[in-house]
Amino acid sequence: MVFPQFAAEPRNVYLCLCTDGFSPYGQSGMQYSLWPVILSPYNLPPEMCMKREFMFLTLLIPGPEHPKKSFDVYLQPLIKELKDLWDIGVPAYDVSVKQNFTLRAVLLWTISDFPAYGMLSGWSTHGRLACPFCMEETEAFQLRHGRKTCWFDCHRRFLPRNHPFRQNRTLFTKGRSKDNINSRKDLKDICKRKELELTRDILAGFKSPIFNFL
Ligand SMILES: [Zn+2]
C-alpha cells in the first residue's frame, strides 16, 4: 500500500479524470472544439462508476479553437482543488454516523485518447519520444522507406522474462489501415509476414504509377 494513512479512511475519495474534445455542431456545422473534463469517484461498485449520475462535469473548455497548450490554464483551478483535497482535505459530515470528519481525495488515474494524454501529462505524444513510459529510453526507430517513426517490438521488453509473446515473431503485424507501398517494403525489413510483403500482384492493387523499384 503506497499511502496507508489515506487508505485507512474508507470515506476518502478516489477520483478518475477523463476528457476528450468534440464538435457540438457535428460534421455539417462550423468548426468548434469543446472539451468537457469529467471526474468520477471510484469508491463505487464498478458497474456504477461509469453511470451518468456519478460523472461530474467539472470543466467545460470552450472553443472554437482547439485549446492546445492553454488546456493547462483551464485546468489550473481544478488542479489547485485536487491538491488541496489531497494535502489538507475539506471538513465534511457523515450523516450515517452523525460525525464530522476531514474528507480527502486522490486522483487515481486519467482516461483519454493518446493526443489528449499529451495535453494532460505535458509529455509530447508526437515524434520519436512519444511513448510516455519509455521517454528518452525509447527504442523507436525510423522506417527506411516510409520515413515514419515506428515502435514495432519496442514494448515486449516489459513482458515477464519467459512470456511466450517475447519469442513470437509472426503475430504482431495485424491491421492494414496505413497500408501502402512503403509500408509493405518496410514490413520486409522488420518482421516475418511473407504473405504481406510486396509482390507484383499487390503492387497492381495499389494502382500506383511507381513501378521502377521491383
Ligand atoms: Zn514505450
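**Close-ups of rings and charges**

**View 1. The charged end of Arg-11 sits over the ring of Phe-101**. The distance to the ring centre is 3.9 Å. To count as sitting over a ring, NZ of Lys or CZ of Arg has to be within 6 Å of the ring centre and within 35 degrees of the ring normal. Keep in mind that this is a predicted model: local features need pLDDT of at least 70, side-chain atom pairs count only at pLDDT 80 or more, and totals for chains, interfaces and linings use all residues. Residues are numbered from 1 along each chain as its sequence is written, and side-chain values use heavy atoms, with hydrogens and water left out.

**View 2. Arg-104 lies over the face of Trp-86**. Here the ring centre is 4.8 Å away from Arg-104.

View 3. A search of the whole structure turns up seven aromatic pairs. Rings of Phe, Tyr and Trp (its six-membered ring) pair if their centres lie within 6.5 Å; planes under 30 degrees apart are stacked, over 60 edge-to-face, and the rest tilted. Helices are DSSP runs of H or I with at least four residues, strands are runs of E with at least two, and both are numbered from the N terminus. Phe-3 is partly exposed too, with a relative accessible area of 48%.

**View 4. Phe-114 and Tyr-117 are stacked**. Why stacked? The ring centres of Phe-114 and Tyr-117 are 6.2 Å apart and the planes are at 20 degrees, so the pair gets that label. Both residues belong to helix α4 (residues 114-121), where being three residues apart separates them by about one helical turn. Phe-114 is partly exposed at 40% relative accessible area, and Tyr-117 is partly exposed at 28%.

**View 5. Ring pairs link four residues into a cluster**. Which ones are they? Phe-3, Phe-6, Tyr-14 and Trp-86. Zooming out, the chain has six helices and eight strands, and buried residues make up 29% of its 214 residues.

Conventions. Buried < 20%, exposed > 50% of the residue type's maximum accessible area, 1.4 Å probe, protein only.
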